[in-house]
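Let's take a friendly walk through a protein chain, starting with the whole and then zooming in on a couple of spots. Have a look at the structure first.

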Amino acid sequence: MQRTPAKSALVSALLVALATLSGCGKSEAPQQAQIPEVGIVTLQAQTVSLSTELPGRTNAYRVAEVRPQVNGIILKRLFKEGSDVKEGQQLYQIDPSTYEATFQSAQANLAATQQQAERYKLLVADEAVSKQQYADALAASLQAKAAVESAKINLRYTKVLSPISGRIGRSAVTEGALVTNGQSNAMATVQQLDPIFVDVTQPSTALLRLRRELAAGNLQKAGDNAAKVKLFLEDGSEYPLEGKLEFSEVSVDQGTGSVTLRAVFPNPKHDLLPGMFVHAQLQEGVKDQAILAPQQGVTRSLRGLPTALVLGADDKVELRELKADRTVGAYWLVTDGLKPGDRLITEGLQYVQPGVKAKPVPAKNVAPAPEAGKPAASGSQG
């Protein structure tokens with residue numbers, strides 16, 4: 001069959017197109033997959049001084065509520081509210097007139113009974129009075145002497161004195177007020193502010209963990225600095241003076257499961273006032289050969305366990321399950337799963353998965369690690 005010119009042209013065009021496609025396929029090589037870059041941090045063992053930051057409240061070192069020990073009318077208030085008072089300083093004057101009269105009457109009765117006892121002492125030798133009469137006169141003399149001492153004490157109690165040195169608050173009574181011995185309301189309150197207590201609470205689980213690590217040798221005691229405490233105020237500023245740990249409570253609070261720790265701080269300028277909310281940083285100890293992993297390189301698995309991606313010797317990505325005790329600044333303190341020399345991936349985690357190769361570059365998203373031997377505040381447990 002004879003081809004038409006149009007059909008011949010179409011066949012020629014198809015042959016040229018097929019030849020062109022065949023030539024392109026032979027000349028171009030398949031493209032290789034690009035290796036992703038990841039930022040890595042090479043882990044090193046170091047000595048870390050561990051500390052815990054706990055919330056707490058300030059409390060006065062000593063508190064004395066001033067109450068009357070005799071009944072009477074207040075004649076004078078002898079202090080300025082909010083001022084510092086000394087131990088033994090007079091604060092109030094209660095009307096002493098009735099107590100002065102009682103004291104003078106007791107003195108007169110003592111003089112009479114003593115004279116009678118002296119006379120009976122001479123007469124009993126001559127058997128002019130019986131021994132029983134002399135004994136009664138002697139007993140009356142001793143009772144009169146005790147009455148004088150009691151009246152003297154009550155007269156002294158009309159001067160209400162400060163039981164301790166410290167800062168006194170507002171007065172609950174004024175001149176002309178009637179006060180009674182044993183009343184429930186205090187006339188005023190004196191608080192010793194220098195030094196001052198800081199009471200903080202720590203979970204009992206943290207206390208048990210600390211003891212276990214010390215017993216196992218994982219933590220070394222911080223020596224003379226073990227009992228030292230730093231204080232941070234409500235505005236975040238650091239209190240300039242250092243305190244020391246006084247004691248820890250001997251029982252666990254059943255409601256909160258926590259243990260109360262008490263520290264004492266010098267407070268010469270009275271910058272700390274009772275009831276202030278503060279944060280105390282307690283130094284726990286020193287951990288040798290600690291592994292600190294940046295938080296950017298630690299994630300959580302579906303089971304909630306901490307995991308990390310590490311670049312192996314052949315630049316292949318490996319998945320590690322970790323045991324992380326706590327945070328130390330911007331780092332996790334890892335006790336299992338990582339070792340010195342491991343290359344932890346902190347950047348490009350979204351581009352890699354276990355088993356693939358990656359190109360390592362120095363990470364740029366990691367803060368400097370805490371300096372060896374310097375305290376670092378720790379946070380939650382892993």
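Accessible area here comes from the Shrake-Rupley method with a 1.4 Å probe. Computed that way, the chain exposes about 22,900 Å², and carbon and sulfur atoms supply 52% of that area. Keep in mind that this is a predicted model.

What is the chain built from? You'll find four helices and 21 strands in it. Of its 382 residues, 34% count as buried. Now take the contacts with a separation of 6 or more: 77% of them come from residues 24 or more positions apart.

Let's zoom in on two residues.

| Residue | Place | Relative accessibility |

Together with Leu75 and Leu178, Ile73 forms a nonpolar patch on the surface. The accessible area of these three residues together is about 270 Å².

Now for Asn267. Who is around it? Leaving aside neighbours within four places in sequence, Asn267 is in contact with Leu193, Asp194, Pro195, Ile196, Tyr239 and Leu272. With one of these, Tyr239, there is also a polar contact: the side chains of Asn267 and Tyr239 meet at 3.5 Å.

How values were computed:
Residues are numbered from 1 along each chain as its sequence is written. This is a predicted model: local features need pLDDT of at least 70, side-chain atom pairs count only at pLDDT 80 or more; totals for chains, interfaces and linings use all residues. Side-chain values use heavy atoms; hydrogens and water are left out. Helices (H or I, at least four residues) and strands (E, at least two) are DSSP runs, numbered from the N terminus. Buried means under 20% relative accessible area, exposed over 50%, partly exposed in between (1.4 Å probe, protein chains only). Contact means heavy atoms within 4.5 Å. Patches are made of residues with over 30% relative accessible area and no salt bridge: like charges are joined within 9 Å, nonpolar side chains (Val, Leu, Ile, Met, Phe, Trp, Tyr) within 5 Å. A salt bridge is a side-chain nitrogen of Lys or Arg within 4 Å of a carboxyl oxygen of Asp or Glu. A polar contact is a pair of N or O atoms within 3.5 Å; within protein, one must be able to donate a hydrogen and the other to accept it, and residues adjacent in sequence count only if both atoms are side-chain atoms.
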